[in-house]
Amino acid sequence: APWRPALLLSPVPLPAGGRQPTFSTTCARCSKNRRLRQKRVISERKLTRYFVDHRKVHVVGGQGGGGGHSFYSEPRKIFGGPGGGNGGDGGHVILKADQQTKSLSSVLPFYQGFHGEKGGSKNCYGANGAYVYVKVPVGTLVKEDGKVVADLTQHGEEYVAAYGGAGGKGNRFFLSNENRAPTLFTPGEPGQERVLHLELKTTAHAGLVGFPNAGKSSLLRAISNAKPAVAAYPFTTLNPHVGIVHYQDYEQVAVADIPGLVKGAHQNRGLGMAFLRHIERCRFLLYVVDLSVSQPWIQLQDLKYELEQYKKGLSERPCVVIGNKIDLAQSRINLPLLKEQIDDRVIALSALTGDNLEELLLHLRELYDTYVKTEQSRGQSPVKW
């Protein structure tokens, strides 16, 4: 590659009075902004093919092998007695939580365990059927007839969706003093058959909550390597996206971009409750507010009301208010008004230009460290990425 001179950034002049501004004034030519421009834009229409958070699965356990029917006979031992062995058990269908699987798109609508082998002669047992493992994302709920039967929240956690049938008994099993030459043998039992509904609740440390066009997707692109769709129209994001924020000590914080909420979302308006359930898994919340609109604190009140109506206590989780679009003139006027109206901490930034992203990343790490200490004090293991 040809040599190019390095880009020199002039020092930022101080405002009148010589005081340092409350937010950083990193210009648009910073490295963070250049990295944003290099990201390839993918339309949300293409992304919808890869994210599935609902799946109906028909699972059937493997059938047990039939019992054997034979009589043992060899030279000088003509009447050796019954020699039919038992059949092998059918294989189970097991759901296994896998951290590398991010959606239910790879889950097929039908699974069946392998059948057990038939019992052989000379008292040889049939082999058991192999298990069928189905990888599902961490945070998958398993429901049957509307009831939750399993909640896979840890990597490697397993749930037996369908048990395999027991193998049949060979005629050797029925040998007794009263019956020295039994001819009775039993077939293998059929495997368990169930219809399950899989429902994914995105497991992330932090959740970006905000109204459409508040800048959640742009913010996630700025702080992580995620590439959600960005456009100047509402409901650009139709699916949750999870971005990973990397720190120098190799800690990783997962941030989920929840599709935009509207008033009445708890009553299934807009995108409705389809994605409200993804917020339940988040350990702390990042409320993204558009500072350029009039009375931005009304957005925060509406967001907390929707979360509280969906699930009581959801709005009381640890949180921080992110005032986005600080690069606009109207946003600088609304910022002190917002801080007067609410008690929560407010971080003013611009996801477009990269202004003050450092403060958000530092506070995000503080929230993560507090969560880890709280889980360890309870004797539980925190979620790691």
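Q: Which residue stands opposite Ile94 in β4?
A: Strands are DSSP runs marked E of at least two residues, numbered from the N terminus, and two strands pair if DSSP finds at least two bridges between them. In this predicted model, Ile94 stands opposite Tyr133 in β4. Residues are numbered from 1 along each chain as its sequence is written. Because the model is predicted, local features need pLDDT of at least 70, side-chain atom pairs count only at pLDDT 80 or more, and totals for chains, interfaces and linings use all residues, while side-chain values use heavy atoms, with hydrogens and water left out.

Q: In which sense do β2 and strand β4 pair, parallel or antiparallel?
A: Strand β2 (residues 93-98) pairs with strand β4 (residues 132-137) in the parallel sense, over six bridges.

Q: How many bridges join β2 to strand β7?
A: Four bridges link β2 with strand β7 (residues 158-162), and these two run antiparallel. Within this pairing, Leu95 stands opposite Tyr159 in β7.

Q: How many of the six residues of strand β2 are buried?
A: A residue is buried under 20% relative accessible area, exposed over 50% and partly exposed in between, with a 1.4 Å probe and protein chains only. In β2, five of the six residues are buried, and the strand is mostly covered.

Q: Why is strand β11 largely enclosed by the rest of the structure?
A: Strand β11 (residues 252-257) has five of its six residues buried, so the rest of the structure largely encloses this strand.

Q: Which residue stands opposite Val253 in β11?
A: Strand β10 (residues 241-246) is joined to β11 by six bridges, and the two run antiparallel. Val245 is the residue opposite Val253. The hairpin of β10 and β11 has five residues between the strands, and Tyr250 there takes a positive phi near 70°.

Q: What is the bridge partner of Leu208 in β11?
A: Strand β9 (residues 206-209) pairs with β11 in the parallel sense over three bridges. The partner of Leu208 is Asp257.

Q: What is the order of the strands in the open sheet of five strands?
A: The order is β3-β1-β8-β5-β6, with mixed pairing. At the edges stand β3 (110-112) and β6 (147-152); each has a single partner strand, so one side of each lacks a neighbour in the sheet. From one strand to the next, the twist averages 30°, where axes are lines fitted to C-alpha atoms, for helices over the stretch in contact, and angles run from 0 to 180 degrees between N-to-C directions.

Q: Over how many bridges do strand β5 and strand β8 pair?
A: Strand β5 (residues 140-144) and strand β8 (residues 193-200) pair over four bridges, in the antiparallel sense. Lys143 has His197 in β8 as its bridge partner.
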